[in-house]
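Hi there,

Here is the structure I promised to pass on to you. Have a look at it first, and then read on for my notes.

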Amino acid sequence: MSTFVQYGAGNIGRGFLGQVFGDAGYEIKFIDINPDIINMMNNENKYPINIISRHNPREVWINNASCVNGLDEQAVALAISKADIMAVSVGVNILPRIVKNLVKGFRMRWTQNNLKPLDIIIAENLIDADSMLRGLITDILSDDEQILFEKTIGLVESSVGRMVPVMTSEMSRGNILRVCVENYCELPVDKAAFKGKIPSIPHLHPFEPFEFYVKRKLYIHNMGHALAAYLGFVYGYDYVWQAIENPYIKLIVQRAMTESGTALSKQFSMPLSGILEHISDLLLRFANRELGDTVSRVGRDVLRKLRSSDRFVGAINMCHGQSVNSLYIPVGIAAALMFASANDTNTKDDIDTVLVNTCGLEKGSSDFNIIKDYYALLTQNIKPDELLRKIESRQEILLSQKVII
């Protein structure tokens, strides 16, 4: 039986990566520092995943599972030395803390003359996570070790699209290993980054150029999710599903995602039909009541989400680069500014300053002015159907003038 080592036994580690490889018949070895998870995993050697859905809720069990104590450096190195493939999902801020253990595992492989490639799937919410991890690792390798590293260790970016709610004691139902997840269970990975043979297993989708999936996740999924949350906040909803059930909000979100999707299709010469199917599926997933996704959770860390390379401005810039009109995406920035002004974001900057310094927009540019217009409308308590009509009117003017902004 092949062995999959999962560094991080959190919700994504257990609820996504563990299922991907567990369903494929791998022995699953987690690495974690939570003593309760370690003890129970090693006593039970299995754990439950609840697929939460209004129409087809069910429970699945992941078998052949155990957990290594992440504080036991020798045990961690031994697990890595014997792994056939592994993944990391510990959180971006924790990545630097596990590098020493990763390198110990690599060295144990090499000293045992195990030069079989080890591919590591990076399941972190960070663009270019492979470059970051590579830099952290190579900083502590000797010149000879760096040569071995480049020959035998693959750092594989992935696109983590499965939505996992914040677990509560009620949802755990007495089992701290239980994870509740949505039904979606597809893991795109960077095909070009593998050093060894790519496993041919369900749920794993190797693809190149992987930039397509990176941008699809950020500029369609993350952008649409945040837009739904920010408009949900503006119109007084507590949950994302409530916002999506408003037909006018749903249409604004759908059209914003379609703007990104159209630009993505053009940039990568991918069929638009498949991207539109993905958007329709996402809208259904956003509407999943059982996920219990709150507007406040999805909307938090607003200033990061307004950065020039992130989901909103990045999507707008992608549209510009592909000569695609972008009139619905800017609504998300205006609504995010409303969210920021009502929540503690540790900033006293005015709207213009945020648009220039955080979003990277030029004052007086068309994007700057459109966002300011939308913000003014939202502060005037415009109803969602009226907001939609305002955007449509602007779109009709542009189409009649054949203007690209």
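Helices here are DSSP runs of H or I with at least four residues, strands are runs of E with at least two, and both are numbered from the N terminus. The peptide bond that joins Glu208 and Pro209 is cis, with omega at about 0°.

Before going further, please keep in mind that this is a predicted model, in which local features need pLDDT of at least 70 and side-chain atom pairs count only at pLDDT 80 or more, while totals for chains, interfaces and linings use all residues. Residues are numbered from 1 along each chain as its sequence is written, and side-chain values use heavy atoms, with hydrogens and water left out.

One more backbone detail concerns Arg173, which has a positive phi of about 50° although it is not a glycine. You will find Arg173 in the loop between helix 7 (169-172) and strand 9 (179-181).

Now to the helix packing. Two packed helices are described by the angle between their axes and the distance between the axes. The axes are lines fitted to C-alpha atoms, for helices over the stretch in contact, and the angles run from 0 to 180 degrees between N-to-C directions.

Helix 8 and helix 10 (residues 247-268) pack with their axes 9 Å apart, at an angle of about 165°. That makes helix 8 roughly antiparallel to helix 10 (under 35 degrees counts as roughly parallel, over 145 as roughly antiparallel, 65 to 115 as roughly perpendicular and the rest as oblique). Helix 8 passes helix 10 in a right-handed crossing (left-handed if the near helix is turned anticlockwise from the far one by less than a right angle, right-handed if clockwise). Residues in the contact (heavy atoms within 4.5 Å) include Phe212, Tyr219 and Leu227 of helix 8 and Ile252, Met257 and Leu264 of helix 10. By class, this contact divides into 14 nonpolar, 4 polar and 3 charged residues. Here Ala, Val, Leu, Ile, Met, Phe, Trp, Tyr, Cys and Pro count as nonpolar, Asp, Glu, Lys and Arg as charged, and the others, Gly among them, as polar.

Helix 8 also meets helix 15 (residues 329-342), where the axes come within 8 Å and cross at roughly 50°. That makes helix 8 oblique to helix 15, and the crossing is left-handed. Among the residues that make the contact are Met223, Tyr230 and Phe233 of helix 8 and Val331, Ala335 and Phe339 of helix 15. The contact of helix 8 with helix 15 has 13 nonpolar, 1 polar and no charged residues.

Helix 10 has a contact with helix 11 too: their axes come within 10 Å and cross at roughly 150°. That makes helix 10 roughly antiparallel to helix 11, in a right-handed crossing.

I used a 1 Å grid over the protein atoms alone: a cavity is a set of points where a 1.4 Å probe fits but cannot get out, a pocket is an open set with protein on both sides within 12 Å along at least five of seven lines, and lining residues have an atom within 4 Å of a point. Grid points are joined across faces, edges and corners, and a volume is the space filled by probe spheres set on the points.

The largest pocket holds about 1,500 Å³ of space. It is lined by 45 residues, and the closest to its centre are Glu124, Asn125, Lys217, Asn222 and Arg304. Helix 8 supplies the largest share of this lining, 8 residues. By class, the lining of the largest pocket has 20 nonpolar, 12 polar and 13 charged residues.

The second largest pocket has a volume of about 430 Å³. Of its 18 lining residues, Ser53, His55, Leu284, Arg285 and Asn288 lie nearest its centre. The largest share of this lining, 4 residues, comes from helix 11.

Finally, the count comes to 1 cavity of 30 Å³ or more, and the largest cavity has a volume of about 70 Å³. Its lining includes Ser159, Tyr184, Lys217, His278 and Arg285. Helix 8 gives the most to the lining of the largest cavity, with 4 residues.

Enjoy exploring it!

Best wishes
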